[in-house]
Amino acid sequence: MASSDDTQGKRVAVIGGGLVGALNACFLAKRNFQVDVYEAREDIRVAKFTHGRSINLALSYRGRQALKAIGLEDQIVSKGVPMRARMIHSLSGKKSEIPYGNKSQYILSISREKLNKDLLTAVESYPSAKVHFGHKLLKCRPEEGAVTVLGPDKVPRDVTYDLIVGCDGAYSTVRAHLMKKPRFDYSQQYIPHGYMELTIPPKNGEYAMEPNYLHIWPRNAFMMIALPNMDKSFTCTLFMSFEDFEKLPTSDDVLDFFQKNFPDAIPLMGEQALIRNFFLLPAQAMISVKCSPFHLKSHCVLMGDAAHAIVPFFGQGMNAGFEDCLVFDELMDKFNNDLSVCLPEFSRFRIPDDHAISDLSMYNYIEMRAHVNSRWFLFQRLLDKLLHAIMPSTFIPLYTMVAFTRIRYHEAVLRWHWQKKVINKGLFVLGSLTAIGSAYLLLHHLSPRPLGFLRRQAWTGTTGYWNRCTGVFWQVPWSH
């Protein structure tokens, strides 16, 4: 890490005290920046603040490396439940597992709320950092490094900073101000599917299902998943089109739907609890956001969902946001805390990766809800695993690259496409050789004499005919 003299007295405003904002504040405070975190909500550690349901996240290698860099990995990991494989629930109730990787590789099911509380506490452990709860960003003038915030006293206050970091989520106010600047690209897409959180409670004080799995009920057009919690419950999420959600206006409709599509889940949830949770909150929308660049000069930068909100189907939203913080910290080391160099380099380096994981997340929804039902998919996963075991540095499964390494997201996509081409060509050659060999053996079995005749042609360069009267094969010169 560069000398603290480079950052002494420099002020940073982090807009948003969620997961990425709090983690980023820790990285910046560790470099001796004077950090102010502005969070519009009340302090979730003391306020009676609830979303109505417990939201779980999957923490993988990238996120863990970011936590490790600020000394929080062990503390956070101890509060998560390892998931070593997917557990697929078929319509008949049969269960089958698909491992994520080798025996030492797993992702962690983590409570979003508990993780956020731990990160906020970590921020406040730094003398140079302060979290301002109940402070809403009203205006942002990023080219000047100035913000206007509205606190609990309802009096707008203008503050100037050396750096503004927008970590204020998919509907970022900081990004909205950057969008007014020339040559700023932005796109958003709402997918036609929504999500709803449900619960499987403990059974006799223990997990009602196998705990160390991400449980999936794939039903082609929709799916349900379940992640284990430390209290022995499971947080379930139903992903389905809004059109299908609207077809379930009554309790009877919901029970009929679950009886038809997830019959094994009903006794685990309980009919009354299922109905209560289903109508507790409406289905929530999912948005994908892309923008470019992530920065404005040396005064403002976007990270996390503010820069690249993604759908949750690869479990990389939080991990990609955490890796943003880690990459920025590594760039600060490389360029001696020079913001005029670090910010444009962060955009150049990070945009291809964050756009790549956005696209992969869209693809993985199809894989999770449909492909896992396919025998061809299971064969491909088995082949990937075999090739990885034989040539571990040459063939690496896509999920392994994304979840268990820090191979850049866009490089993982390029490598995945190359591996698929090699495997498909190999399978084509193998299939062709098998077909030719099978045809040869079949012809040899059905008609051995013509094959002998053909072999003799190849060796003698002659043709001939069989004299049925004398039993002699007469050879004649090859005709042109």
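This is a predicted model: local features need pLDDT of at least 70, side-chain atom pairs count only at pLDDT 80 or more; totals for chains, interfaces and linings use all residues.
Reader: How many aromatic pairs does a search of the whole structure find?

Author: The search finds 20 aromatic pairs. One of them joins Tyr38 and Tyr161.

Reader: Is that pair of Tyr38 and Tyr161 stacked or edge-to-face, and why?

Author: The ring centres are 6.4 Å apart and the planes stand at 75 degrees, so the pair is edge-to-face. The cut-off for that class is over 60 degrees.

Reader: Where in the chain do Tyr38 and Tyr161 lie?

Author: Tyr38 is in strand β2 (residues 34-39), and Tyr161 is in the loop between β11 (156-160) and β12 (163-166). The pair links distant parts of the chain, 123 residues apart.

Reader: Buried or exposed, in the case of Tyr38? And Tyr161?

Author: Tyr38 counts as buried, with 3% relative accessibility. Tyr161 also counts as buried, at 4%.

Reader: Let us turn to Phe314 and Tyr399. What is the geometry of that pair?

Author: Phe314 and Tyr399 are stacked, with 5.5 Å from centre to centre and 15 degrees between the planes. Phe314 belongs to the loop between α10 (305-308) and α11 (317-334), while Tyr399 belongs to helix α14 (residues 398-404), so the pair ties together parts 85 residues apart in sequence. Phe314 and Tyr399 are both buried.

Reader: Which residues do ring pairs link into a cluster with them?

Author: The cluster consists of Tyr100, Phe314, Tyr399 and Phe404.

Reader: Which arginines lie over the face of a ring?

Author: Arg62 lies over the face of Tyr409, 4.1 Å from the ring centre. Arg408 is placed over the face of Phe349, at 3.7 Å from the ring centre.

Reader: Changing topic: what span should helix α1 have, and what do its end C-alpha atoms show?

Author: Helix α1 (residues 19-30) has 12 residues, which at 1.5 Å a residue should span 16 Å. Its end C-alpha atoms are 17 Å apart, which agrees.

Reader: How many residues of α1 are buried?

Author: The count is 11 of the 12, so α1 is largely enclosed by the rest of the structure. Among the buried residues are Leu19, Asn24, Cys26 and Phe27. After α1 comes Asn32, whose phi is positive, near 70 degrees.

Reader: Now the strands. Which strands are joined to β13 by eight bridges?

Author: Strand β13 (residues 185-200) is joined by eight bridges to strand β17 (residues 284-292), and the two run antiparallel. Eight bridges also join β13 to strand β16 (residues 234-241), again antiparallel.

Reader: Where is a cis peptide bond found?

Author: A cis peptide bond joins Ser292 and Pro293, with omega about 0 degrees. Pro293 sits in the loop between β17 and β18 (295-296). In general, most peptide bonds are trans, and most residues other than glycine have a negative phi.

Reader: What is the phi of Arg183, and of Asn337?

Author: Arg183 has a positive phi, near 60 degrees. The phi of Asn337 is positive as well, near 65 degrees.

Key
Residues are numbered from 1 along each chain as its sequence is written. Side-chain values use heavy atoms; hydrogens and water are left out. Rings of Phe, Tyr and Trp (its six-membered ring) pair if their centres lie within 6.5 Å; planes under 30 degrees apart count as stacked, over 60 as edge-to-face and the rest as tilted. Helices (H or I, at least four residues) and strands (E, at least two) are DSSP runs, numbered from the N terminus. Buried means under 20% relative accessible area, exposed over 50%, partly exposed in between (1.4 Å probe, protein chains only). A charge sits over a ring if NZ of Lys or CZ of Arg is within 6 Å of the ring centre and within 35 degrees of the ring normal. The expected span of a helix is 1.5 Å times one less than its number of residues. Two strands pair if DSSP finds at least two bridges between them.
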